[in-house]
Amino acid sequence: CGWTQQPIRTQFPLVVLTERNIHCNMSSFNESVGLGYLKTHAIEFVNYNKRQMSRIYPKGGRVDSSNYMPQIFWNAGCQMVSLNFQTPDLAMQLNQGKFEYNGSCGYLLKPEFMRRPDRTFDPFSETPVDGVIAATCSVEVISGQFLSDKKIGTYVEVDMYGLPTDTIRKEFRTRMVILPDLAVLRIAVYDDNSRLIGQRILPLDGLQAGYRHISLRNEGNKPLSLPTVFCNIVLKTYVPDGFGDIVDALSDPKKFLSVMEKRADQMRLLITQRDRSLRIT
């Protein structure tokens with residue numbers, strides 16, 4: 001069997017393309033048009049991408065072959081986010097790193113809430129998405145190995161990219177991640193002249209917690225033979241303030257009951273001692 005897509009002209013508004021509901025039609029938007037839809041019809045754009053395919057490509061004004069950030073269009077469910085592959089910049093590093101963890105086959109399945117017609121998703125949401133468990137992430141950089149054959153100063157930047165509320169650069173700290181399925185970490189090492197030594201893109205949904213030696217890539221995302229960064233990565237389910245005891249009880253009921261019984265015994269002991277002191281006085 002075969003699978004075909006029919007490219008169509010995109011002079012029609014998004015609402016018209018949605019009403020047509022022809023699943024084999026694929027629309028191509030330059031980045032400026034795509035950004036316009038995101039600014040004015042973000043949820044409708046996500047819904048359009050549940051049934052139709054859309055391709056985003058760099059605007060014609062990028063004569064220097066620079067790239068836009070693809071993350072914002074991935075957040076809207078766009079299936080084909082085209083970049084200038086000849087430019088090994090941050091955008092290309094994000095693209096290559098994101099697709100590295102599916103065997104580099106070029107395909108990733110969108111999260112379920114971005115595929116189901118009965119779900120509504122706002123790519124600019126600042127609160128937890130219904131049915132998706134938020135997380136907390138922290139990264140402690142402990143040391144670096146074989147970063148250079150010269151005696152130079154180095155520093156590390158840890159950034160996160162995802163939903164706008166999850167994106168943070170150069171000031172990474174332990175924080176809630178609204179949508180781990182779309183978030184990626186970028187760990188980059190620079191010398192004291194701000195020259196990139198190596199970097200690595202790590203999708204959060206495939207990240208393993210604990211102490212890890214992370215092999216670095218060059219700016220073109222090619223593996224470097226020796227340079228690594230030793231980190232302690234902590235990933236936890238986000239628990240709102242005041243709900244910690246409930247989560248502990250649900251995750252380990254026996255331990256929770258034993259703690260409660262111990263507290264009850266301590267309370268009985270305190271009451272007994274108080275009664276004795278009252279009788280003595």
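This is a predicted model: local features need pLDDT of at least 70, side-chain atom pairs count only at pLDDT 80 or more; totals for chains, interfaces and linings use all residues.

Reader: Switching topic, how many salt bridges does the structure hold?

Author: There are 6 salt bridges in the structure, and one of them joins the side chains of Glu 31 and Arg 62, at 2.5 Å from N to O. Glu 31 belongs to helix α2 (residues 31-40), while Arg 62 sits in the loop between β3 (53-57) and α4, so this pair ties together parts that are 31 residues apart in sequence.

Reader: Is Glu 31 buried or exposed, then?

Author: Glu 31 counts as buried, because its relative accessibility is 4% and the cut-off for buried is under 20%.

Reader: Which residues are linked in a network of salt bridges?

Author: Glu 100, Arg 200 and Arg 217 are linked in such a network. Within it, the side chains of Arg 200 and Glu 100 meet at 3.5 Å, N to O. That pair links distant parts of the chain, with Arg 200 in strand β9 and Glu 100 in the loop between α5 and β5 (135-145), 100 residues apart. Both Arg 200 and Glu 100 are buried.

Reader: What about Glu 112 and Arg 116?

Author: Their side chains also meet in a salt bridge, at 3.7 Å from N to O. Glu 112 counts as partly exposed at 45% relative accessibility, and Arg 116 is partly exposed at 30%.

Reader: Last topic: how many residues are in the largest nonpolar core?

Author: That core has 25 residues, and those with the most contacts inside it are Phe 45, Ile 56, Phe 73, Cys 78, Phe 121 and Leu 179. Its largest share, 3 residues, comes from α3, and the core draws at least three residues from each of domain 1 (14-114) and domain 2 (135-237).

Reader: Which residues is Phe 73 in contact with, leaving aside its neighbours within four places in sequence?

Author: Phe 73 is in contact with Glu 31, Gly 34, Leu 35, Leu 38, Ile 56, Tyr 68, Cys 78 and Val 81. There is also a second, separate core of 20 residues, including Val 158, Ile 197, Ile 214 and Cys 231.

Key. Residues are numbered from 1 along each chain as its sequence is written. Side-chain values use heavy atoms; hydrogens and water are left out. A salt bridge is a side-chain nitrogen of Lys or Arg within 4 Å of a carboxyl oxygen of Asp or Glu. Helices (H or I, at least four residues) and strands (E, at least two) are DSSP runs, numbered from the N terminus. Buried means under 20% relative accessible area, exposed over 50%, partly exposed in between (1.4 Å probe, protein chains only). A nonpolar core is a set of buried Ala, Val, Leu, Ile, Met, Phe, Trp, Tyr and Cys residues joined through side-chain atoms within 4.5 Å. Domain bounds come from an automatic or database domain assignment. Contact means heavy atoms within 4.5 Å.
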